[in-house]
Amino acid sequence: MKTSSIAALTTFLLFALITTNPSVVAALVLDTEGNPVEWHRNYYILPFVWGPLGGGLTLGSHNNSSCPLYVTQEPSDFSNGFTVAFSPRIFRLPFVSSSAELSIKTTGSVTTCKLSLVWKFVPVSIRLWYVSTNGNSDFQNSIFRIEHYESYYYKIVFCPARSPIPTLCKGLGIDYAEDGTRYLAIGDDIKPFMFVFKKADQSQTNIKTVV
C-alpha cells in the first residue's frame with residue numbers, strides 16, 4: 001500500500017475515533033461547517049456575526065512602515081481578508097483542539113516585505129500590544145491558544161510565559177487607531193473579539209499583494 005494511502009486511511013480512522021467520542025469533540029475547534037479545524041490548512045478568521053463588526057483579518061502597515069506588516073481587520077464585511085494556517089507547538093492530533101499551543105501564519109498573500117508572516121506580539125505602549133508579523137514559532141511571543149466561547153464562536157488568546165492561570169490570559173480584540181485602521185491587539189482596555197473559522201477552498205484561495 002502506498003504511503004499516501006496509508007496516511008489517508010490513518011487520518012480517516014483518527015477522524016472516526018475522535019468524532020464518536022463526545023468529550024474529544026467538545027475539545028475540538030470547529031469551523032463554520034461544524035468540521036474540525038485542521039493543522040496547516042487555510043482558513044479565514046471572521047467575526048462571529050456578519051455585518052457591522054467588519055470583515056476578516058488582513059495585513060497592513062504601522063507608523064507608515066511597510067515592513068514588518070501588522071495584522072489588521074478589513075472594515076468591510078464583504079471582505080474575508082487573508083487566509084491563515086495554524087501550526088501546533090506540540091503535535092498530538094491532526095485537528096486543532098481548544099487550549100492547544102499554536103502559532104499562526106498569514107497565507108494567501110504576496111508582500112514586498114520579505115520577513116516571516118508568522119504572527120507575534122509587539123508592544124505599542126505599556127498596556128497595549130499589537131499583533132505583528134516576523135514572528136518565530138519557537139518564541140513565546142508567537143504562541144497563541146484558541147478558546148471556545150459558545151457554539152462555533154472562539155477567542156484567540158495569549159497567555160504570558162505559558163501561564164496556567166486563566167486570569168493572566170488575554171483575548172485578542174480590535175484597537176481602533178485614529179487613522180481608522182483596526183489593529184488586532186491585546187491590552188487592558190481591549191475587549192476580546194469573538195471569531196469563527198471558515199475553511200478556504202484550496203483552489204479558490206485569493207492571492208493578494210500587499211505593498
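Me: Which backbone nitrogen does the side chain of Ser-79 reach?
Reply: This is a predicted model, where local features need pLDDT of at least 70, side-chain atom pairs count only at pLDDT 80 or more, and totals for chains, interfaces and linings use all residues. Residues are numbered from 1 along each chain as its sequence is written, and side-chain values use heavy atoms, with hydrogens and water left out. Ser-79 sits in the loop between β3 (65–73) and β4 (83–88). At 3.3 Å, its side chain reaches the backbone nitrogen of Gly-81.

Me: Is Ser-79 buried or exposed?
Reply: Buried means under 20% relative accessible area, exposed over 50%, and partly exposed in between (1.4 Å probe, protein chains only). Ser-79 has a relative accessible area of 17%, so Ser-79 is buried.

Me: How far apart are the sulfur atoms of Cys-67 and Cys-113?
Reply: A disulfide is a pair of cysteine sulfur atoms within 2.5 Å, and the structure holds 1. Cys-67 is in strand β3 and Cys-113 in the loop between β6 (109–111) and β7 (120–125), so the pair ties together parts 46 residues apart in sequence. The sulfur atoms of Cys-67 and Cys-113 are 1.9 Å apart.

Me: Which residue meets Lys-199 in a salt bridge at 3.0 Å?
Reply: A salt bridge puts a side-chain nitrogen of Lys or Arg within 4 Å of a carboxyl oxygen of Asp or Glu, and a search of the whole structure finds 5. Lys-199 lies in strand β14 (residues 195–199), and its partner is 161 residues away, in the loop between α2 (22–27) and β1 (43–47). That partner is Glu-38.

Notes: Helices (H or I, at least four residues) and strands (E, at least two) are DSSP runs, numbered from the N terminus. A polar contact is a pair of N or O atoms within 3.5 Å; within protein, one must be able to donate a hydrogen and the other to accept it, and residues adjacent in sequence count only if both atoms are side-chain atoms.
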